[in-house]
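Student: I am new to this one and would like to go through it term by term. Please show me the sequence and the structure.

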Amino acid sequence: TGVFVMIAFAVADALGVRRRAPSPREPSAPHGPRWLVAGLAFLILTACAVGTWHQARHWRDSEALLRRALAVSPSDPTLHLNFGTLLQELNRPSEAIEHFRAAVQHRPQYGPGRYNLGLALSLQGHTREAIEHLREARRLEPENRRTRYFLGMALQEVGEPAEAIAELREAVRLDSNWAAPMNVLAFLLVAAAPEDPANIREAVSLAERAATLTQERDPGILNTLATVYAVDGQIGRAIATLETALPLAEAMKYQPLVDHIREQLDTLRRTPEQHERPAP
C-alpha cells in the first residue's frame with residue numbers, strides 16, 4: 001500500500017496542508033483541506049485493502065513454464081509481459097519491472113507492456129517515469145479505462161490535479177459503471193475547488209452513483225459520499241452516511257478506517273447544519 005499512502009500525502013502537499021493534530025477546542029471544519037486530505041487517504045487505503053492469494057503451487061508451476069518458454073524465445077514481448085505479471089503477483093516487483101522493460105524494449109509500440117511497466121513503476125514510487133509509460137500506453141490504447149485511471153492517480157501524486165481530473169473523467173466516460181474512478185474523482189473535485197458549485201454538484205452525483213453501484217456496502221465509498229455531503233453543507237446526510245459506513249468498516253476489521261469514521265462523526269455532530277449550495 002506504500003504508493004497509495006504517497007498519493008494521499010501528495011494531495012496534502014498539493015493543497016499546501018500541514019499535517020497536525022487538531023486541538024480539542026478547535027475541531028476541524030468538515031469543508032476544510034484537512035478533512036479532504038484525511039478522507040482521501042482513507043479512500044485510497046481502503047481501495048487497496050485486498051485479500052491475499054493462496055496459489056503458491058500454481059505460481060511455482062507457472063514460473064517454471066515461463067522460464068522455459070523464455071529460454072526458447074527470449075525476445076517474445078508477450079512472454080515477458082506474462083512473466084512480469086506473475087512476478088508482480090508474487091511480490092517480486094524489481095524482477096517484474098525487468099520483464100516489463102524487456103517487453104517494451106522488444107516491442108516499443110506495445111500498449112499492455114507500457115501500461116504494466118507504468119503501473120509497476122508507480123507502485124515502487126517511480127511516479128514520474130511511470131507517467132511517461134502510462135502516457136505512451138494512453139497514446140497506443142486511448143480507450144483503455146485502466147490506463148486512464150492509473151494515469152490519473154499518478155498525476156495526482158505528482159501534484160497535477162487538473163490533468164488527473166481529466167484522466168479520471170475519461171475513465172468514467174469509458175465505463176459508466178466503474179465505481180473506483182468515480183470515487184476518486186469525486187474527492188479530487190471537492191479538493192481542487194471546494195467553493196465551486198459546479199464541482200460540488202458533479203462530485204455529489206459521482207459519489208452517489210459510486211455508492212449505488214456498490215449497493216451502499218463499501219465503507220470507503222460511503223466515506224467519500226459523506227465527505228462530499230459535508231463539503232456541500234449537508235451535515236445531516238453526511239452523518240447518516242457515516243453511520244451506515246461505520247458497522248461495515250467494523251465488519252471489515254479495518255481499524256484505521258473505523259477510527260477515521262468515528263472521528264469524523266464526532267466532528268460533524270458538533271458542526272451546525274449548513275444550507276445546501278443554491279443552484280446557479
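Student: What pattern does the chain follow, read along the sequence?

Tutor: The pattern is α-α-α-α-α-α-α-α-α-α-α-α-α-α. The chain has 14 helices and zero strands. Helices (H or I, at least four residues) and strands (E, at least two) are DSSP runs, numbered from the N terminus. This is a predicted model, in which local features need pLDDT of at least 70 and side-chain atom pairs count only at pLDDT 80 or more, while totals for chains, interfaces and linings use all residues. Residues are numbered from 1 along each chain as its sequence is written, and side-chain values use heavy atoms, with hydrogens and water left out.

Student: What is the average pLDDT of the chain, and where is confidence lowest and highest?

Tutor: pLDDT is the predictor's confidence in each residue, from 0 to 100. The chain averages 83, and 76% of the residues score at least 70. Confidence is lowest in helix α1 (residues 2-15), with a mean of 37, and highest in α7, at 98. Over residues 1-33 the pLDDT stays under 50, and the model has 52 contacts beyond four places in sequence for them. A contact means heavy atoms within 4.5 Å. Residues 45-55 also have a pLDDT below 50, with eleven contacts beyond near neighbours in sequence.

Student: How do you know that the span of α7 agrees with what a helix should give?

Tutor: The expected span is 1.5 Å times one less than the number of residues. Helix α7 (residues 127-140) has 14 residues and should span 20 Å; its end C-alpha atoms are 20 Å apart, so the two agree. For α12, with 13 residues, the reach from first C-alpha to last is 18 Å, close to the 18 Å expected.

Student: Which residues of α7 are buried, and what do they pack against?

Tutor: The buried residues of α7 are Thr127, Ala130, Ile131, His133, Leu134, Glu136 and Ala137. Buried means under 20% relative accessible area, exposed over 50%, and partly exposed in between (1.4 Å probe, protein chains only). These residues of α7 pack against α5 (93-106), α6 (111-123) and α8 (145-157). Of the 280 residues of the chain, 49% count as buried.

Student: What makes the approach of threonine 224 to asparagine 183 a polar contact?

Tutor: A polar contact is a pair of N or O atoms within 3.5 Å; within protein, one must be able to donate a hydrogen and the other to accept it, and residues adjacent in sequence count only if both atoms are side-chain atoms. The side chains of threonine 224 and asparagine 183 make such a contact at 2.6 Å. At the start of α12, a side-chain oxygen of aspartate 218 comes to within 2.9 Å of the backbone nitrogen of glycine 220.

Student: Why is asparagine 91 called exposed?

Tutor: Asparagine 91 has 65% relative accessibility, so it counts as exposed. Asparagine 91 sits in the loop between α4 (77-89) and α5, and has a positive phi of about 60° although it is not a glycine.

Student: How many aromatic pairs does the structure hold?

Tutor: The structure holds three aromatic pairs. Rings of Phe, Tyr and Trp (its six-membered ring) pair if their centres lie within 6.5 Å; planes under 30 degrees apart count as stacked, over 60 as edge-to-face and the rest as tilted. Tyrosine 115 and phenylalanine 150 are 6.4 Å apart centre to centre with 55° between the planes, a tilted pair. Tyrosine 115 lies in helix α6 and phenylalanine 150 in helix α8, so the pair ties together parts 35 residues apart in sequence.

Student: What makes the pair of tyrosine 149 and phenylalanine 150 edge-to-face?

Tutor: The planes of tyrosine 149 and phenylalanine 150 are at 65°, and the centres are 4.9 Å apart, which gives an edge-to-face pair. Ring pairs link Tyr115, Tyr149, Phe150 and Trp178 into a cluster.

Student: How do you know that the charged end of arginine 145 sits over the ring of tryptophan 178?

Tutor: A charge sits over a ring if NZ of Lys or CZ of Arg is within 6 Å of the ring centre and within 35 degrees of the ring normal. The charged end of arginine 145 is 4.3 Å from the ring centre of tryptophan 178 and sits over that ring. Arginine 107 lies over the face of tyrosine 110, at 4.7 Å from the ring centre.
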